[in-house]
Amino acid sequence: MSEAVKTVKVTIDNITVDVPMGTTILQAARMIGGDVVPPAMCYYSKLQGSGGKCRTCLVEVSKGSEADPRPMPKLVASCRTGVMDGMEVKNMTSSKVEDARNGVVEFLLLNHPLDCPVCDQAGECHLQDLGYQHGKQGTRYEFKRRTFDKHDLGPYIQLHMTRCILCYRCVFTADQLTEKRTHGVLSRGDHAEIATYIEKSLDNNFIGNVIDVCPVGALTDKTFRFKNRVWFTKPVNAHRDCKCCSGKVTLWQRGEEVLRVTARKDQWGEVEEWICNECRFEKKKTSSWTIEGPTHVSRHSVISQGHYENIQQPKETFTAVNGGRNPQLLMDIHSVSEVNDPSIDLSLINGPATSDVYNHSTKQS
Amino acid sequence: MAKKLLLEKAHVEGIRHYDVYRREGGYAAVEKALKMEPAAIVEEVKKSGLRGRGGAGFPSGMKWSFLAKPEGVPRYLVCNADESEPGTFKDRYLMEFLPHLLIEGLIVSSFALGSNRTYIYIRGEYAWIVGILEQAIAEAKQNGFLGKNILGSGFDCEIYVQRGAGAYICGEETALIESLEGKRGNPRIKPPFPAIKGLWDCPTVVNNVETLAAVVPIMNMGGEEYAKIGVGRSTGTKLISACGNINKPGVYEIDMTISVEEFIYSDEYCGGIPNGKRLKACIPGGSSVPILPANLLLKTAKGETRLMNYESLSDGGFATGSMMGSGGFIVLDEDQCVVKNTLTLARFYRHESCGQCSPCREGTGWMEKILTKIENGKGAMSDIDLLWDIQRKIEGNTICPLGDAAAWPVAAAIRHFRDEFEWHVNNPARCQTQNYGLAHYADPIHVPA
């Protein structure tokens, strides 16, 4: 190779990294990892043309490049802005970014129904995570939230338009994975909605992937609807010999029962390999699958909790911490608490034995 | 009498037709241009200092010189006739009465840019103008100014008229290109800019109708001569569509040296405010530019007379100035309510937001609801601060300038007319039957020594 891939230096939040030319700021930040990575609700690295719409990944470019060190006048969408040599980007170190991002999260949650308690996406929802990170406790919106007419997308996919944040990911998925897209965005402005123009079910063999790409609970699996909460299910990597897809999936089990099948996702919540509808919706028996082992969920979300995986054990023993004293497991409780000593008349004890006494004593102090 | 370059022949009987237009000296610019090098025409436009007449005021010659010229890839010129800004109707007038002027400008510009297929994207509501333009194109073609080998120069050019379907957002150049390609009119994310990747991923220049028409006088009189008209970087003449509370609403061609006061009160232009009313406020450049109270409109914050040109209207930034914009001059007299006016604009932007990016989609609707509340006498003081905060979070954080366009009118109304908003909150019953009136907005401003 005579032409080596040109690399450029980019500094994000004072961390410098070498990336190939043409990388976006967001991708460069993902190479660094950790808190430097801006959140992305609409960008999807596997979908061409996605990104730029949700505006959660806005960052401040404090130095354009080595050649042109002027800062960019506005905040830029990091998912669609390419890096330049010597570029300096501020993400979490910029108060402007934080302010704008808080605003965007408020806008995204403005008309969101917040029906997380009955939403199947809860626990692995990107909007939930984003809300925890950047949201406010209350809303300043005091009007009726918008609603839509229901559209039936067929036996497999459930559409809840009120939860949609219009990231267009499902539109790109259908465009790039299937031959003919039958759903899309109708209307404009705050009445824009995902729907099929003529009432029609989505029946392409790969259309089930729109469920996986949806960052919120707008498109969910009808076969999993109200079956269980995702944090109670146990993700297991499995594969099968499939004619039309890779067959590499994650089974979400409760006991022996397979409640849901999804594609495997990486730490950014993005699908690793697309799977077909047959694998996703039809194969709900453990016998159809070859189990590989528990899925390592590395995404920062509720579903990554409680799988007893990669648990860090304390390096020091209890004895070391307690200054040489061995743990005394079977302690005589009565020797610890005089309250429970049956030989003592409780009413004689000094202290808040009754609420009156308690209230009286706290008022005085 | 100011010099007229564009509308000089607008009232000649039958100017809409080729024969009359040709007799009046039309198509001379094409004959002159086709004998020149394309690069020389671009140079001429650069020299003229012509600035985009669509609203942003970007130097057109510079825009043309940015056009990428890769081998074997077609280049396109697109004429933006999707004039949808409330208060702006200059392009309609130009196309309706002088269609050949636009066609002539298009041929010259197409030759300069090397575009063999040129499109006029016209808003759907201008349905009757499509016929006028198509007839003009057919006449030009019959007379050898369009089609193959124009005037024996070896240059081929076709002009097509494409109707939009009624969306304000399609006036944004990348949304226009998307719509022209037959897709949903969502603005594209920039970069890449249209000059690199535009229509069908080919280099494209999108220019306003008036800009392209102005190329004709530039060709006829030469760029340097054109630059002598006007003042500073505001060269040439500008069409202003005046409306609102004035005696003579209409389209006026001005040479950008006159003062705002003269424009409103002289009989040559707007002819003053009817019924002896006084001036309260004005939106000087189409609905999305900041509204100015009378005192700041006629005089800048420094106490200088404000002139009708790009620099003077934006003097003082958004704190005490506004913008030339597209030249939609909307005048409000003392009987108008600024809150209601702002609500009307907010409703428009809510309706026209494409819904692609979240701040604009959610924010415009929210602002409209709060303004409705205040206008109906149900608002609270905190709502005014909330409005300010919302517009601040929309502005600059969206894909296309529609977010800014929605935020600016609200911001300016609160900035300059906050007491009127507060009066609405404090007098919920009275504000339903009565207007706040002129208040102090017309008082002379205090200029610190």
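**View 1. Buried residues of H3(A) pack against helix H2 (95-110) of chain A.** In this predicted model, local features need pLDDT of at least 70 and side-chain atom pairs count only at pLDDT 80 or more, while totals for chains, interfaces and linings use all residues. Residues are numbered from 1 along each chain as its sequence is written, with chains lettered from A and ligands numbered from 1 in the order in which they are written. Helix H3 spans residues 126-134 of chain A, and its buried residues are A:His126, A:Leu127, A:Gln128 and A:Leu130. Buried here means 20 or more other C-beta atoms within 10 Å of the residue's own (12 or fewer is exposed, in between is partly exposed), with C-beta atoms placed from the backbone. Helices are DSSP runs of H or I with at least four residues, strands are E runs of at least two, and both are numbered from the N terminus.

**View 2. Chain A, taken as a whole.** Chain A has nine helices and 13 strands. Of its 365 residues, 35% count as buried. Look at contacts between residues at least 6 apart in sequence, and 61% of them join residues at least 24 apart. Two residues are in contact if their C-beta atoms, placed from the backbone, lie within 7 Å.

View 3. Nonpolar covers Ala, Val, Leu, Ile, Met, Phe, Trp, Tyr, Cys and Pro; charged covers Asp, Glu, Lys and Arg; the others, Gly among them, are polar.

**View 4. Chain A touches chain B.** Here 26 residues of chain A are in contact with 23 residues of chain B. H2(A) gives the most to the chain A side, with six residues. That side divides into 15 nonpolar, four polar and seven charged residues.

**View 5. Helices H5 (residues 90-97) and H9 (residues 209-221) of chain B cross at roughly 50°.** Their axes, lines fitted to C-alpha atoms over the stretch in contact, come within 9 Å. H5(B) and H9(B) are therefore oblique to each other. B:Lys90, B:Asp91, B:Leu94 and B:Met95 in H5(B) meet B:Val209, B:Glu210 and B:Ala213 in H9(B). The contact residues split into four nonpolar, no polar and three charged. Angles run from 0 to 180 degrees between N-to-C directions; under 35 degrees is roughly parallel, over 145 roughly antiparallel, 65 to 115 roughly perpendicular and the rest oblique.
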